Amino acid sequence: MDGTPEVMETAAEEVAAEPLVGMLDMVLLTLLAGVSVYYFFIRDTSKKEDSNALKSFTISPTQLTPRANDSSFISKMKSSGRNVIVFYGSQTGTAEEFAGRLAKEATRYGMKGMVADPEECDMSELSQLAEIENHLAIFCVATYGEGDPTDNAQEFYEFLQNGDEELNGVQFTVFGLGNKTYEHYNAMGKYVDKRLIEMGAQQLFELGLGDDDANMEDDFITWKDAMWPKVCESFGIEAQAQDINMRQYKLTVHEEYDPTRLFTGEIARLNSLKVGSQRPPFDVKNPFMAEIAINRELFKGGNRNCLHIELNIEGSRIRYDAGDHVAVYPINDQALVARLCELVGEDPEKVITLTNVDEDSSKKHPFPCPCTYRVALSHYVDITSLPRTHVLKEIAEYATDNKEKEKLLLLSSTSEAGKAEYQRWIVQDVRSIVHILEDLPSCKPPLDYLCELMPRLQARYYSISSSGKLYPNTIHVTANVLKYETPTGRVNKGVCTTYMQQLKPDNGTKYHTPVFVRKSQFRLPSKPQTPILMIGPGTGIAPFRGFIQERNLQKEEGKPVGETILYFGCRNKDKDYLYEEELTAYKDSGLLKLYVAFSRDQPQKVYVTHLLEENKEEVWRIIGKENGHLYVCGDAKCMARDVHALISKICQTEGGMTPSEAEQYVKKMMNQKRYSSDVWS
């Protein structure tokens with residue numbers, strides 16, 4: 001095709017030189033040439049494109065590419081007669097689950113709802129909601145990191161920050177998901193609520209705040225049960241929920257199928273996890289199959305395990321900095337998967353597709369389909385988490401024993417007795433859906449319904465314990481293997497660490513696992529000469545191992561490196577002193593000043609906070625006089641909270657501040673990124 005103009009230009013010159021060919025002949029010849037080019041080249045190409053598009057569609061039934069107008073939620077609402085839209089900002093899936101429950105309940109109250117991911121919507125359309133009678137926008141937003149929006153709510157957050165839109169007449173309510181052990185408790189929920197009001201929207205019901213440190217489910221139920229009557233009153237409709245079963249997905253069982261077209265654990269595109277044929281960039285929907293190069297035990301004794309894993313990312317173009325997180329997609333324990341199928345009397349090899357009964361929904365399937373029940377329960381459905389009350393209520397109708405049915409209905413009720421029993425029988429006894437069905441044997445819900453009701457299995461995030469500058473082709477992970485006995489005598493295991501523990505390369509056997517890197521704000525100072533003080537007991541040492549490696553590299557390159565101080569804590573020196581040889585070598589080289597607390601090596605417990613208090617003059621010199629950076633990594637509930645209180649106290653005793661001045665100083669450090677936390681509860 002590129003040479004066609006030149007050919008025609010030459011022909012034109014020849015015609016000009018040869019008067020025997022008339023103008024009419026020229027037109028006909030040109031027309032004939034054009035038709036020939038179309039017939040042999042363009043038509044064939046378009047056929048191939050159509051054919052490829054068709055192949056692409058049939059290979060991957062769960063297409064992620066949105067239609068041209070999919071971002072217009074207003075068009076969808078108007079065309080389908082909906083008046084309630086529930087947006088979610090979710091990192092672990094809980095906010096998305098709550099959004100789905102709210103959209104379902106809208107129908108029970110005589111309204112019509114839909115769930116929407118703000119990342120896939122044109123949020124500038126919010127102002128047009130006022131055109132829909134009796135409308136309501138509900139925002140279920142989680143707070144991630146240090147008061148940050150979740151990944152899928154980042155653009156919506158920026159939209160609110162810009163604040164150009166006027167949302168007069170838009171009716172909304174917000175439920176925030178947070179954890180009181182974190183410094184910025186429910187920052188996103190509070191911010192969304194405040195900004196929407198500032199932009200002119202009308203708050204139809206008060207802001208709800210869920211605390212995962214206490215009972216998120218209880219907080220959510222209490223909030224929504226008060227919210228719906230208020231909404232109904234505002235809309236002038238009867239506030240009586242109809243107790244109807246609202247199945248979201250319909251089941252198709254495939255008797256005949258092509259095995260090559262079944263999903264086997266992929267997050268999105270079929271065959272996307274095939275080693276050797278992956279395509280960058282790699283992210284949450286397209287993880288990289290990293291080879292496990294090393295998987296060794298770190299503990300030297302006792303009945304606990306801690307893994308040091310090195311993931312090979314060579315050729316992936318994945319880049320990371322010390323302090324970033326690596327996400328690993330786990331696989332559920334196969335014994336639990338088999339047991340669940342056995343309890344409900346279902347064949348794990350049955351091939352199924354679950355399809356959304358709402359044709360307007362952007363989410364056609366709850367997870368990639370078609371697949372077997374075994375694949376769904378292994379890769380996509382969270383079968384080890386504690387079932388929420390709505391799950392218990394839905395499965396109660398499948399209990400044939402009246403006492404067992406009453407038990408489930410009590411557990412799912414909002415009465416004080418019901419809440420107390422849920423706390424005792426589910427939370428304290430740590431019962432998963434498998435345990436519940438074992439203890440209530442007459443309850444046999446359809447497995448496809450359980451796949452719909454249970455939350456999605458999420459990737460697990462780990463602080464990377466290596467420096468990307470020293471190890472550009474590998475990512476190191478340091479992780480405790482979770483394993484404990486419940487009050488009912490069962491042994492519960494951590495999903496991801498149990499899965500990873502089995503992946504030990506040996507005798508030429510290679511294992512790969514899907515991973516991606518999530519960027520973090522947990523960063524070394526830009527100037528190497530800035531002193532740093534790191535507090536990381538247990539596996540909290542992970543990011544600091546990367547920090548120390550990087551500081552050592554800077555030192556070897558001749559750069560001026562400031563004081564590098566680490567406070568590490570463990571139970572026993574001879575059992576769980578992580579990376580002892582490495583840390584000792586860095587200490588002996590003069591790079592690292594090391595303080596270690598062994599909590600159980602003497603009659604009295606000794607923790608990192610005790611050592612910090614002993615060295616309070618040095619701590620104040622670093623953070624108060626030399627503008628140093630303070631880092632905390634590990635348990636949020638106790639350790640991080642105790643460290644925060646102690647730092648505030650040191651500001652008072654060593655810095656001569658009042659309690660309020662000390663708190664202001666600590667907050668100032670946080671705002672300046674001089675006090676950073678990477679904590680979990």
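Student: In this predicted model, which residue of strand 10 does Arg296 stand opposite?

Tutor: Arg296 faces His308, which belongs to strand 10.

Student: What makes strand 9 and strand 10 count as paired?

Tutor: Pairing requires at least two bridges.

Student: Why is Tyr462 called buried?

Tutor: The relative accessible area of Tyr462 is 13%; buried means under 20%, so the term applies. Tyr462 is placed in strand 14 (residues 460-463), and the residues it touches include Asp324, His325, Val477 and Cys496.

Student: Why is Gly494 called buried?

Tutor: Gly494 has a relative accessible area of 10%, and this is under 20%, so Gly494 is buried. Gly494 is located in the loop between strand 17 (491-493) and helix 15 (495-501).

Student: Which feature does UniProt place at Tyr462 and Gly494?

Tutor: An unreviewed UniProt entry lists both under "binding site", with Tyr484 and Trp680 among the other positions.

Student: What is the mean pLDDT of the protein chain, and where is the pLDDT below 50?

Tutor: The mean is 89, and 89% of the residues reach 70 or more. Residues 1-21 have pLDDT below 50, and this stretch has six contacts beyond near neighbours in sequence. Residues 37-68 also stay under 50, with 28 contacts beyond four places in sequence.

Definitions and conventions
Residues are numbered from 1 along each chain as its sequence is written. This is a predicted model: local features need pLDDT of at least 70, side-chain atom pairs count only at pLDDT 80 or more; totals for chains, interfaces and linings use all residues. Side-chain values use heavy atoms; hydrogens and water are left out. UniProt positions are given in the numbering used here, feature names are shortened, and annotations may be inferred rather than shown by experiment. Helices (H or I, at least four residues) and strands (E, at least two) are DSSP runs, numbered from the N terminus. Buried means under 20% relative accessible area, exposed over 50%, partly exposed in between (1.4 Å probe, protein chains only). Contact means heavy atoms within 4.5 Å. pLDDT is the predictor's confidence in each residue, from 0 to 100.
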